[in-house]
Amino acid sequence: MDAQIIARWQFGITTVYHFLFVPLTIALSMLVAVLQTIWYKTGNDNFLRLTKFFGKLFLINFAAGVVTGIVQEFQFGMNWSEYSRFVGDVFGAPLALEALLAFFLESTFIGLWIFGWDRLPRKLHLMAIYLAAFGTMLSAVFILAANSWMQHPVGATYRNGRAELTDFGALLTNPVFLATFPHQISSAYMVAGGFIAGLSGWHLARLNKARQQAAPGTDLDYSGTHVKAENVERDITTWRWAAKFGAWVLLAASVLTIISGDIQAKAMTHAQPMKMAAAEALYQTRDDASFSVFTVGNLDGTEEVFSVRVPYVLSFMATGNIHGEVQGIDDLKAQYEQQGFRLDDRGQLPLQAEFADQPKQQPVKITPNVPVTYWSFRLMMGLGGLGALIGAWVLFALRGGRNPMPTKLWQWSMAALPFLPLFAISFGWIMAEMGRQPWIVAGVLPTQAAVSPSVSLGEAILTMVLFTVIYGALAVVEFGLILKWNRAGLPEVAPVEVVEDEDAPLSFAY
């Protein structure tokens, strides 16, 4: 074990933890804006209550995401100084734009939205949440552009011992970015749709049971939530609408995620054929490659022992043709040993060609961790598919005016629904990053050459432990706040009136 391994673990832990908040922030901000728009158009206070209920949960999630994301910036310089030196001219541009444009846009207008309920005209206040939601999506644009460059380093040349940006437009037209962005955004809406459907379905079933067991005209209490007698039917109607709304968002986003995922698979095969081979544990090149439902390899992951496969599916995923050729791990390794990263002209970029000729290039083990890449790919698809099935079940259970009862299966499904697409998208990122190994910049900079040379093993272990403990504490706080305000149920709302007094203090609407 060395400092490089610990630095990778530390960055992986903090990045995956931070990413748990990102998809919900991206999509829930826009869905809250939609709820507020419906209230603005209809004047129905049920939608104002939903706006404030899910708006509060969005703000809790947003705050946790900001706090955990700050650490990422520091790690580039602390643990990965050689990486920062090598790619700073390229990587710094999208990161700077993310901070200057996206982050300040979203943070400014979130502030106006929080404090402006009774100070801004309704139309301007509604515009504030839309601009904040646009800011979160713009942030995703720049971050994904930077990461996609690491996967497929376009628009750069090798000069003065480092990568230098030659075409900023190429970062935003990178074929890997163009495939990754819609896949990321659609899967984020799966997370937000599952979040709304899960919480609403949980409340709906509990409230429905409490209503059936209580005498008519009495207040109801369920799982820490108190509902006045005159509001019972209103709350049931509201939760029922929200559950269906979230389920429809989840299912629509699932379709888009599948379509964009197919496009991304082809882009991945073009840019990084080894990643696709590892994701399928395909060792020999095939022109009728099958999709592996289940594979058992040997202990070091270098050879397939047993597998269950569906014919032709992998060839179609990778090439769009059921007889398309998909290169295997063994053949790719042999090509690399003979030609370096010059696998073929299809996936090689000018920067990759230039850096491949440098005498300081370190020899690397070209094969990523096949078991991790393989199983994270399947967990991504399996958990996402299960979430979509539960979303369809929600719509089926609510058909024809029916309301569910809080059976164990229903309640556990509603509790799991926000997490299934969230964990699916997280495993997708693990697959994308682990499948790129041993490169931190594909075909250019090996991960082992990017770590800070001055950071010792002990220092890396100490900071990893500290970050893990701190993030664990933040997780307890975040989850506790979500549970607390979820149990509180739908808030009561008063008519929103704009205060004309310029000297009146700002009020925190939550």
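The conversation below takes up the overall fold, a pocket, a helix and a few individual residues.

Trainee: How many helices and strands does the chain have?
Mentor: Bear in mind throughout that this is a predicted model. Buried residues make up 52% of the 510 residues in the chain, and residues 24 or more positions apart account for 80% of the contacts with a separation of 6 or more. As for the elements themselves, the chain has 16 helices and eight strands.

Trainee: Which element gives the largest share of the lining of the second largest pocket?
Mentor: That pocket has a volume of about 870 Å³ and is lined by 34 residues, with H183, T257, G261, Q264 and M380 lying nearest its centre. The elements that contribute two or more residues to its lining are α5, α7, α8, α13 and α15. By class, the lining has 17 nonpolar, 15 polar and two charged residues. The largest share, nine residues, comes from α8.

Trainee: How far apart are the end C-alpha atoms of α13, and what span should its 28 residues have?
Mentor: The N-terminal end of α13 is capped by N369, where a side-chain oxygen lies 3.2 Å from the backbone nitrogen of V372. At 1.5 Å a residue, the 28 residues of α13 should span 40 Å, and this agrees with the separation of its end C-alpha atoms, which is therefore also 40 Å.

Trainee: Is N147 buried or exposed?
Mentor: N147 sits in helix α5 and, leaving out residues up to four places away in sequence, touches F91, W429, E433 and R436. Its relative accessibility is 13%, and since the cut-off for burial is under 20%, N147 counts as buried.

Trainee: Where is P438 found, and is the peptide bond from Q437 to P438 cis or trans?
Mentor: P438 belongs to the loop between α15 and β7, the latter covering residues 439–441. For the peptide bond from Q437 to P438, omega is near 15 degrees, and the bond is cis.

Trainee: What is the C-alpha to C-alpha distance between P491 and L48?
Mentor: P491 lies in the segment after α16 and is partly exposed, with a relative accessible area of 25%. Setting aside its neighbours within four places in sequence, P491 is in contact with R49, K52 and F53. Although P491 and L48 are 443 residues apart in sequence, their C-alpha atoms are separated in space by 9.2 Å.

Key: Residues are numbered from 1 along each chain as its sequence is written. This is a predicted model: local features need pLDDT of at least 70, side-chain atom pairs count only at pLDDT 80 or more; totals for chains, interfaces and linings use all residues. Side-chain values use heavy atoms; hydrogens and water are left out. On a 1 Å grid over the protein atoms alone, a cavity is a set of points where a 1.4 Å probe fits but cannot get out, and a pocket is an open set with protein on both sides within 12 Å along at least five of seven lines; lining residues have an atom within 4 Å of a point. Grid points are joined across faces, edges and corners, and a volume is the space filled by probe spheres set on the points. Helices (H or I, at least four residues) and strands (E, at least two) are DSSP runs, numbered from the N terminus. Ala, Val, Leu, Ile, Met, Phe, Trp, Tyr, Cys and Pro count as nonpolar, Asp, Glu, Lys and Arg as charged, and the others, Gly among them, as polar. The expected span of a helix is 1.5 Å times one less than its number of residues. A polar contact is a pair of N or O atoms within 3.5 Å; within protein, one must be able to donate a hydrogen and the other to accept it, and residues adjacent in sequence count only if both atoms are side-chain atoms. Buried means under 20% relative accessible area, exposed over 50%, partly exposed in between (1.4 Å probe, protein chains only). Contact means heavy atoms within 4.5 Å.
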